[in-house]
Amino acid sequence: MSRTLLAICAALLLGNAHAQQNSPPAFNRELSRVNYSLSKQFIIHSRPRTGWLPALGSSADVVRLEPNLLAISCERIKRALMKELGVTADEWRGKVEIHLHPARNLGETICVTSTQYGKNWTYRLELPDAL
């Protein structure tokens, strides 16, 4: 699955897209950072990198997720899926929050949680910053 994700992300990164970055208040700047996709549907939360851990190595099969590029990729994946489904109007309603944490090993689980608030849904993904 990680190779499929890598192939999709690499293919979608070839076009033009934008992401915005907002820094938290100064007192919290060193602890976390927030990146928004262009539509603001995708919100990427990340912490400063701690560097490679010995368990991860530097294999060609390992992809480090950059928060800004991840926000762009999410928009491109959504656009490609809409095209594949024949959807012309982007009428998204739910937010997708992606929380990146420093990777501990390559076998970490990606956790996806969905929550419904009235008619709207919010999705939360927790994943390592290296896959």
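Visitor: Which residues make the nonpolar surface patch of about 290 Å²?

Guide: In this predicted model, the patch is made by Leu-81, Leu-85 and Val-87. Patches consist of residues with over 30% relative accessible area and no salt bridge, where nonpolar side chains (Val, Leu, Ile, Met, Phe, Trp, Tyr) are joined within 5 Å and like charges within 9 Å. The accessible areas come from the Shrake-Rupley method with a 1.4 Å probe, and for residues only the protein chains shown count as cover.

Visitor: Before we go on, what should I know about the numbering and the model?

Guide: Residues are numbered from 1 along each chain as its sequence is written, and side-chain values use heavy atoms, with hydrogens and water left out. As the model is predicted, local features need pLDDT of at least 70 and side-chain atom pairs count only at pLDDT 80 or more, while totals for chains, interfaces and linings use all residues.

Visitor: Back to Leu-85, then: is it buried or exposed?

Guide: Leu-85 is exposed, with a relative accessible area of 60%; the word exposed stands for over 50%, buried for under 20%, and partly exposed for what lies in between (1.4 Å probe, protein chains only). Leu-85 is found in helix α2, and helices (H or I, at least four residues) and strands (E, at least two) are DSSP runs, numbered from the N terminus.

Visitor: How far apart are the end C-alpha atoms of α2?

Guide: They are 27 Å apart, which agrees with the 27 Å that its 19 residues, 67-85, should span at 1.5 Å a residue; the expected span is 1.5 Å times one less than the number of residues. Helix α2 is followed by Gly-86, whose phi is positive, near 75°.

Visitor: And which residues of α2 are buried?

Guide: Among them are Pro-67, Leu-70, Ala-71 and Met-82, and the charged residues Glu-75 and Lys-78 are also included. Glu-75 counts as buried at 13% relative accessibility, and Lys-78 does so at 12%.

Visitor: What does Lys-78 form with Glu-75?

Guide: Lys-78 forms a salt bridge with Glu-75, the closest N and O atoms being 3.5 Å apart; a salt bridge is a side-chain nitrogen of Lys or Arg within 4 Å of a carboxyl oxygen of Asp or Glu. Being three residues apart in helix α2, the two are separated by about one helical turn.

Visitor: How many salt bridges does the count come to?

Guide: The count comes to five. One of them joins the side chains of Asp-129 and Arg-64 at 3.4 Å, N to O, and this pair links distant parts of the chain, with Asp-129 in the segment after β6 (120-128) and Arg-64 in the loop between β3 and α2, 65 residues apart. Asp-129 is buried, with a relative accessible area of 7%.

Visitor: New topic: which strands does β3 pair with?

Guide: Strand β3 is joined by four bridges to β2 (residues 33-37), and these two run antiparallel, while four bridges also join β3 to β4 (residues 95-101), and here the strands run parallel. Two strands pair if DSSP finds at least two bridges between them. Ser-46 in β3 is the bridge partner of Arg-33, and Ile-44 stands opposite Ile-98 in β4.

Visitor: What lies between β2 and β3?

Guide: The two strands form a hairpin with four residues between them, and Lys-40 in the turn has a positive phi of about 65°.

Visitor: Why is β3 largely enclosed by the rest of the structure?

Guide: Four of the five residues of β3 (residues 42-46) are buried, so the strand is largely enclosed.
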